[in-house]
Amino acid sequence: MPAQVLHHPGADPAAALRWQDWAPSEPGSGEVLVTVSASAVCRTDLQLVTGDLAARRLPIIPGHQVVGHIAAVGPGVPADRVGERVGLVWLARSCGECRFCLTGRENLCVAAQFTGWDVDGGYADHVLARADFAHPIPDLGSAFPRGREGDIAVAPLLCGGVIGFRSLRVAGVGAESAGSTLGLFGFGASALLAIQVAIHWGVRCFVVTRSADEAQRALAMGAEWAGTYDDAIPVPLDAAVTFAPVGWVVAAALESLDRGGTVAVNAIHLDEIPPLDYDNLWWERSIRSVANVTREDVHDFLAVVGPAGVRTTSEVLPLADAARALVRLRDGDVAGAFVLLPD
């Protein structure tokens with residue numbers, strides 16, 4: 001079975017990834033074997049392949065936005081799960097015993113493992129997963145039908161969508177936030193999904209992005225205002241989420257906050273944050289990082305996808321073109337998300 005395997009991170013994804021035959025193990029106790037239908041590409045995949053995010057295990061198969069069907073189950077997993085459509089996300093397993101897991105914060109688990117970083121991910125025909133982290137995909141509405149077309153549409157939800165949803169929560173934005181002001185700094189795959197949920201909740205959205213074309217797209221999606229980083233947001237923000245993986249954007253978001261506002265930093269890797277003016281942090285403003293997701297986040301996000309009318313935008317490529325997808329992602333040559341198909 002073919003897979004894209006990372007042996008040695010490097011600046012050139014085509015040299016770092018190796019297209020090779022790979023045979024998954026049989027599922028062990030509490031595990032399932034998933035036949036991959038679609039795997040979306042995330043910027044974190046790019047950071048792992050290029051070495052911006054240090055490898056935790058090599059060789060490793062990247063990919064953590066995986067949609068597929070359970071092909072086999074290991075001991076302790078009900079046999080009737082075979083055939084179930086499931087999704088895999090960044091969090092692959094947690095210990096269930098540490099103080100974070102025991103208080104509903106498994107995203108902070110001291111022994112957590114992550115798909116495509118600690119355990120093999122979805123850039124392959126099949127992937128092993130712990131059964132309790134193989135998320136059943138519910139009925140998400142007509143935009144996400146059963147079958148390959150629907151699987152392609154679902155895949156970008158499983159990182160960009162879920163982490164965007166958690167970012168809104170960390171920023172203090174929820175279903176009770178109608179009328180509040182939210183800034184989205186960066187307008188890539190995750191922000192494209194977060195804005196749909198926020199608008200569904202009645203939140204006033206203001207988008208700051210690097211290009212005028214992206215700003216126009218944000219307006220078309222319902223943003224009240226959109227501009228580039230050279231433009232001033234016209235109102236103070238109650239909350240902000242930064243998606244761009246650069247530190248100066250965090251400082252810019254902080255400057256835009258009203259009193260008591262929160263900046264949620266949606267990035268697993270960030271370059272140095274510049275010196276901050278304390279006057280911009282005073283009045284109980286805060287900066288919070290967003291670290292991973294929980295199974296509850298996945299469940300709650302998928303529950304709002306249908307009612308919010310969330311839609312994904314993707315470009316489909318064969319799995320053999322994973323390196324090309326990563327290069328184009330690096331160069332900003334993508335609208336929405338790339339989705340890789342193993343066949």
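Predicted model: local features only at pLDDT ≥ 70, side-chain atom pairs only at ≥ 80, totals over all residues.
Six strands make up an open sheet, in the order E12-E11-E10-E13-E14-E15, and the pairing is parallel. Its edges are strand E12, residues 225-228, and strand E15, residues 286-289, each of which pairs on one side only. On average, neighbouring strands in this sheet are turned by 20 degrees against each other, with direction ignored.

How many of the residues of E10 are buried? The count is 5 of 5, so the strand is mostly covered, as buried here means under 20% relative accessible area. The cover is on both faces: Thr181, Gly183 and Phe185 are buried on one side, Leu182 and Leu184 on the other.

Helix H6, residues 212-220, lies across E11 and E12, and the angle to E12 is about 170 degrees.

Next, helix H10, residues 322-330. Its buried residues are Ala322, Ala323, Ala325, Leu326, Arg328 and Leu329. What do they pack against? The list of partners is strand E1 (2-6), helix H1 (13-16), strand E2 (17-21), helix H2 (43-50), strand E16 (314-318) and strand E17 (337-341). Just after H10 comes glycine 332, with a positive phi of about 75 degrees.

Now the charged pairs. Searching the whole structure gives 17 salt bridges. I'll show three of them.

One is between aspartate 120 and arginine 57, where the closest N and O atoms are 2.8 Å apart. This pair links distant parts of the chain, 63 residues apart: aspartate 120 is in the loop between strand E7 (113-114) and strand E8 (126-130), and arginine 57 is in the loop between H2 and strand E4 (66-73). Are the two partners buried or partly exposed? Aspartate 120 counts as buried, because its relative accessibility is 18%. Arginine 57 is at 33%, so it counts as partly exposed.

Another joins arginine 169 to aspartate 300, with 2.6 Å between the closest N and O atoms. Arginine 169 sits in helix H4 (residues 160-170) and aspartate 300 in helix H9 (residues 295-308), so this bridge ties together parts 131 residues apart in sequence. Arginine 169 is partly exposed, at 34% relative accessibility.

The remaining example is arginine 130 with aspartate 132, whose side chains meet at 2.8 Å, N to O. Arginine 130 has a relative accessible area of 21%, so it is partly exposed; aspartate 132, at 39%, is also partly exposed. These two residues belong to a network of salt bridges that links Glu106, Arg130, Asp132 and Arg295.

Last, the surface. Ile273, Leu276 and Ile287 form a nonpolar patch there, and together they have about 210 Å² of accessible area. Leucine 276 is in the loop between strand E14 (257-265) and helix H8 (278-281). Its relative accessible area is 39%, so leucine 276 counts as partly exposed.

That is the end of my part.

Technical notes:
Residues numbered from 1 in each chain as written. Heavy atoms only, no water. Patch = residues over 30% accessible without salt bridge, like charges linked within 9 Å, V, L, I, M, F, W, Y side chains within 5 Å. Areas by Shrake-Rupley, 256 points an atom, 1.4 Å probe, with all protein chains shown as cover. Salt bridge = Lys/Arg side-chain N within 4 Å of Asp/Glu carboxyl O. Helix = DSSP H or I, 4+ residues; strand = E, 2+ residues; numbered from the N terminus. Buried < 20%, exposed > 50% of the residue type's maximum accessible area, 1.4 Å probe, protein only. Pairing = 2+ DSSP bridges. Axes fitted to C-alpha atoms, helices over the stretch in contact; angles between N-to-C directions. Contact = heavy atoms within 4.5 Å.
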